[in-house]
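Please consult the sequence and the structure below alongside the text.

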Amino acid sequence: MERADIVRLDKGHVWHPYTAMEAYIAGTDPLVISRSEGPYLFDVDGRRYLDANGSWWVSTLGHRHPRLVRALVEQAGSLPHVSLAGVTHAPASLLASELAAIAPGADRASLPAAERLSRVFYSDNGSTAVEVAIKMAAQYWAQNERPRRTRFITLSGAFHGETIGATSVGGVPLFREVFGPLLFDVVHVPSPAEEGGWERAFEQVQAALRAHPDEIAGVIVEPVLQGAAGMLMYAPDFLRAVREATRAVDTFLIADEVFTGLGRTGARFAVDLADVVPDLLCLAKALSGGLMPFGATLASERIFSGFLGAPQRALYYGHSYCGNPLGAAVAREVLAVYRDEDVMGQVARKAPRIRAAFERMAETIPGLVRPRALGMVGAVDLGGGGYLARGGWRVYEAARRRGLYLRPLGDTVYIAPALNIPDDALTELLDGVEASLREVAGG
């Protein structure tokens with residue numbers, strides 16, 4: 001099929017995510033991708049692009065990792081799908097056990113059994129993993145003697161997904177304001193990454209918990225790194241303080257690790273940077289290595305026990321593809337690749353290169369501000385225009401001409417490549433980003 005025919009059909013029928021469609025139809029010349037391999041995408045004309053953001057942060061082991069593809073094919077040959085309602089299968093059972101074994105706090109002998117993240121509820125993406133956590137927290141309190149606990153504390157700039165519940169606890173105005181009448185009430189506090197530091201944000205979290213201890217069902221955070229807000233980074237001290245504050249009033253801490261989980265920040269889980277064990281932890285994206293939509297919510301034994309008893313106490317929630325055998329088999333292989341290929345060791349070796357490169361860019365290219373890096377994420381701003389600003393998109397076009405796929409967040413230019421990106425490809429990426437920024441900034 002010719003490129004022009006693909007684009008014609010696309011513009012005639014496809015509604016793209018996070019895209020102003022009128023401008024796209026009128027003027028966008030889209031990438032038309034036909035295959036992928038390792039850190040690279042290839043278009044229908046054979047041109048190669050280095051995928052700088054892992055195709056929206058999912059391909060943490062690169063594209064088409066041969067072990068993941070093999071696991072997918074082998075599982076498809078025996079059991080592609082079966083409902084998990086009153087049924088089980090080996091991939092789901094084994095994966096749940098393996099996730100519980102690596103969950104935050106699993107290696108702490110002193111951690112009480114009730115606080116261990118020993119229960120796994122499957123879903124099919126990050127938004128639903130968060131939606132599950134919200135419902136678990138709310139229903140737990142409703143049927144365990146605290147029915148007034150229906151509100152959540154969330155951070156400014158937070159992004160937790162696209163479902164109505166996940167949108168409610170989000171903090172990016174552009175993504176939530178139009179749905180205002182549909183959203184439930186939450187307590188918004190400043191981001192710990194904003195001016196004034198994490199102490200200011202924590203003061204407001206603590207004040208809300210103390211003022212409304214019988215109303216707060218939980219505090220939900222993206223630990224240490226707020227992705228969609230513009231790759232905002234904050235001190236792990238904030239997480240430690242929030243954990244203690246939630247303990248003081250006996251409410252829940254929910255860690256949304258859909259983006260940060262499984263190595264992105266340099267730790268297996270971002271909460272590990274603060275040595276914190278949350279009550280609920282949400283996973284997706286990296287969990288299935290970019291091959292399958294797949295999500296999981298890890299819950300403490302305490303929360304699980306709060307749903308036992310009479311039938312009406314059960315969590316009546318689920319999706320047709322919950323615990324899908326294909327996704328579970330691939331996720332198990334993802335965890336195996338992390339072990340066998342020393343992925344976390346690779347991150348430890350490559351992360352300093354990313355930090356040094358972004359600091360150098362900000363020092364030598366006019367107009368760049370706020371260089372920052374954490375693990376395999378590096379970011380810099382071209383001013384402060386926000387999500388709808390166009391500065392980053394000028395860099396996107398310059399990068400595209402150099403064979404990079406570098407999707408920005410408004411004026412924030414960032415990279416979040418595969419964790420196992422080869423050294424030569426990382427050099428190509430960092431050099432290409434720097435050259436593109438210099439072209440746009442005129443440096």
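## Basis of the model

The structure is a predicted model, in which local features need pLDDT of at least 70 and side-chain atom pairs count only at pLDDT 80 or more, whereas totals for chains, interfaces and linings use all residues. Residues are numbered from 1 along each chain as its sequence is written, and side-chain values use heavy atoms, with hydrogens and water left out.

## Domains and their interface

The domain assignment gives domain 1 as residues 31-64 + 342-442 and domain 2 as residues 70-341; such bounds come from an automatic or database domain assignment. The C-alpha centres of domain 1 and domain 2 are 27 Å apart. Contact, defined as heavy atoms within 4.5 Å, involves 29 residues of domain 1 and 29 residues of domain 2.

Domain 1 and domain 2 bury about 2,400 Å² between them, with 69% of this area on carbon and sulfur atoms. Buried area here is the accessible area (1.4 Å probe) that two parts lose on being put together, summed over both. Of the area that domain 1 buries against domain 2, W57, M344 and L374 supply 26%, more than any other three residues.

On the side of domain 1 that touches domain 2, at least two residues each come from α3 (54-57), α13 (343-364), β13 (369-374), β14 (377-381) and β16 (412-415). Helices (H or I, at least four residues) and strands (E, at least two) are DSSP runs, numbered from the N terminus. By class, this side of domain 1 has 19 nonpolar, seven polar and three charged residues. Ala, Val, Leu, Ile, Met, Phe, Trp, Tyr, Cys and Pro count as nonpolar, Asp, Glu, Lys and Arg as charged, and the others, Gly among them, as polar.

H65 is found in the loop between α3 and α4 (66-76). With a relative accessible area of 7%, H65 is buried (buried means under 20% relative accessible area, exposed over 50%, partly exposed in between; 1.4 Å probe, protein chains only). The side chains of H65 and E341 are joined by a polar contact of 3.2 Å. Not counting residues up to four places away in sequence, H65 touches V337, E341 and N420.

## Salt bridges

The whole structure holds 29 salt bridges. In one of them, the closest N and O atoms of E37 and R64 are 3.8 Å apart. E37 lies in strand β1 (residues 33-37) and R64 in the loop between α3 and α4, so the pair ties together parts that are 27 residues apart in sequence. Both partners are partly exposed, E37 at 42% and R64 at 45%.

R370 and D381 form another salt bridge, also with 3.8 Å between the closest N and O atoms. R370 is in strand β13 and D381 in strand β14, eleven residues apart. R370 is partly exposed at 43%, whereas D381 is buried at 6%.

Technical notes:
A polar contact is a pair of N or O atoms within 3.5 Å; within protein, one must be able to donate a hydrogen and the other to accept it, and residues adjacent in sequence count only if both atoms are side-chain atoms. A salt bridge is a side-chain nitrogen of Lys or Arg within 4 Å of a carboxyl oxygen of Asp or Glu.
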